[in-house]
Amino acid sequence: MTLQIHNTLTRRKEEFKPLHEGRVGMYVCGPTVYGHSHVGHAKSYVSFDVIVRYLRHVGYKVLYVQNITDVGHLTDDADEGEDKIEKQSRIDRVHPMQIAELYTKSYFEDMDALGVLRADISPRASGHILEQIEIVEQLIRNGHAYVSNGSVYFDVPRFAGYGKLSGRSFEDLEAGARIQVNPEKRHPADFALWKKAEPEHMMQWSSPWGKGYPGWHIECSAMSMKYLGENFDIHGGGLENQFPHHECEIAQSECATGKPFVQYWIHNNMVTVNGQKMGKSLGNFVTLKDVFKKFDPLVVRFFILQSHYRSTLDFSDEALQAVNVGLEKLLNTLRNLREEIAKAAVDNRSAEAAIDLEGYKSRILSAMNDDFNTPQAIAVLFDLTRETNALLSLESKFSAESLRRIGDFFQEFGGRVLGIIPLESASLMAGDAKMESDLVQLLVDLRTEVRSQKLWSLSDKIRDGLKKLGITIEDKKDGTAWRKG
RNA sequence: GGCGCCGUACCCAAGUGGUAAGGGAGAGGUCUGCAAAACCUUUAUGCGGCGGUUCGAAUCCGCCCGGCGCCUCCA
């Protein structure tokens, strides 16, 4: 059973073979930090997070690099327009770096909430200006770039491989009249490696070509190659970046080094809102901070992983609501299982909970090995959920050891790999929470007393009151349980 | 105009040649003082339409219809 990855370069699923045995170098295009993250960011980074987690699960030592774009990303095409961060800084009347810092923090905050593990390295574009300049110089030396009026452009027609990722040719681009004619460029498809800065431009650096700032594409080439080498395993990003961003990255990187750049390109599909692409101009922008007001970040993560990363995902409150119930079911089972394990630990039990965990494991692995099919993996978890619930509702008492194996399984695949189950330690309470739970327990005990006297209306009054405070009561055969939610 | 993707039940969504996963919603039942949770049963002779290839097609090919994306910044 080998890992198959859909490679955008070949448009096929291919067996994954890293360049170096047991090690994986992976780069994913990070956010441009000029605003709060939205649900599109969530889909992208949750998807790649699971990919990294899975690669590690199957034993690879992964070096995961994800940049923070804090300069050079323009509002219009790659060669014209305003730097997005500078634009926002003028609106807010603060220094551009303050904008970048603010939204970098915001980004990490949201990603942490979603359970996205931090990349091993999160390089900032502004901190790698020298590396970018070096690549531009190399391209000029190689004859792949030319200086024009203080800016440097990549000479697209001279690179035969241009278009191999997106299936586009630069001739097509010429035909498509949407590209503005820039008199500094020799060919309309040529793109900026370095832009001359006007005096009022705040973010600018000295270069061999005068004061300026880097083009958008060059940072990813510089930072990926700096940390992962000139040829590395996986490069990921959003589908919308396939062209022109990734195509340009390949061109400038391969022309600078003379080596193939990336082995596997992975592109995740986009988020739509009510069936329409989400965009600022369309006014249907949904930030994560807004979503988190209504839904637990874990629900958002679960929602994302219930469709395949290469499918579009339509975002709506209704969809999240439906999925919320499903996740509750999963977590409820785990909660009941943990309670039962705790009971089993004090009793002396010998019955074996006979669940074919190896079977479940191989089903999850084959789902994940098939281009990271998380919806299928989750379906397997639901099958296990049903079997576990059935087991827990039986009269027979199973040994702590055999129940713990089931718990560990959930923890391993639902927790560590998919990240949709909170770690056991996170659910442990401390301080105020302890007091709160003691108080609830007191009421529950009181209600049990009242119920034994068949004082139903009083008993229901306690239950309804707790419900209003967000506590749900469940009367079971062997006692009353309660939970938040 | 060029490149590409998608259309599976009431909703979401897997399935890329062997006879339709999973979740939500609905219906019936078991348990229960009631509720909640859970379990069992049930809901697509059919996968946008029409042809073709094949012993066999949701899956491959062709045409058509419908929706969407990229080609300008976007995760």
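Modeller: Strands (E, at least two residues) and helices (H or I, at least four) are DSSP runs, numbered from the N terminus. This is a predicted model, where local features need pLDDT of at least 70 and side-chain atom pairs count only at pLDDT 80 or more. Residues are numbered from 1 along each chain as its sequence is written.

Colleague: OK, how many bridges join strand 1 to strand 2?

Modeller: There are 4, with strand 1 (residues 4-7) and strand 2 (residues 12-15) running antiparallel. H6 has K13 in strand 2 as its bridge partner.

Colleague: And which residue takes a positive phi in that hairpin?

Modeller: R11, near 60°; the hairpin has 4 residues between the strands.

Colleague: Switching to helix 9, why is it largely enclosed?

Modeller: Because 9 of the 9 residues in helix 9 (residues 297-305) are buried, meaning under 20% relative accessible area with a 1.4 Å probe, protein chains only. Among what covers them are helix 1 (39-57), helix 3 (96-113) and helix 10 (317-346).

Colleague: How do helix 1 and helix 9 pack?

Modeller: At an angle of about 75°, with axes 10 Å apart; the axes are lines fitted to C-alpha atoms over the stretch in contact, and angles run from 0 to 180 degrees between N-to-C directions. They're therefore roughly perpendicular, a label for 65 to 115 degrees.

Colleague: Which residues of helix 9 make that contact?

Modeller: R301, I304 and L305, where contact means heavy atoms within 4.5 Å. On the helix 1 side, the residues include V46, D49 and R53.

Key:
Chains lettered and ligands numbered in written order. Heavy atoms only, no water. Buried < 20%, exposed > 50% of the residue type's maximum accessible area, 1.4 Å probe, protein only. Parallel < 35°, antiparallel > 145°, perpendicular 65-115°, else oblique. Pairing = 2+ DSSP bridges.
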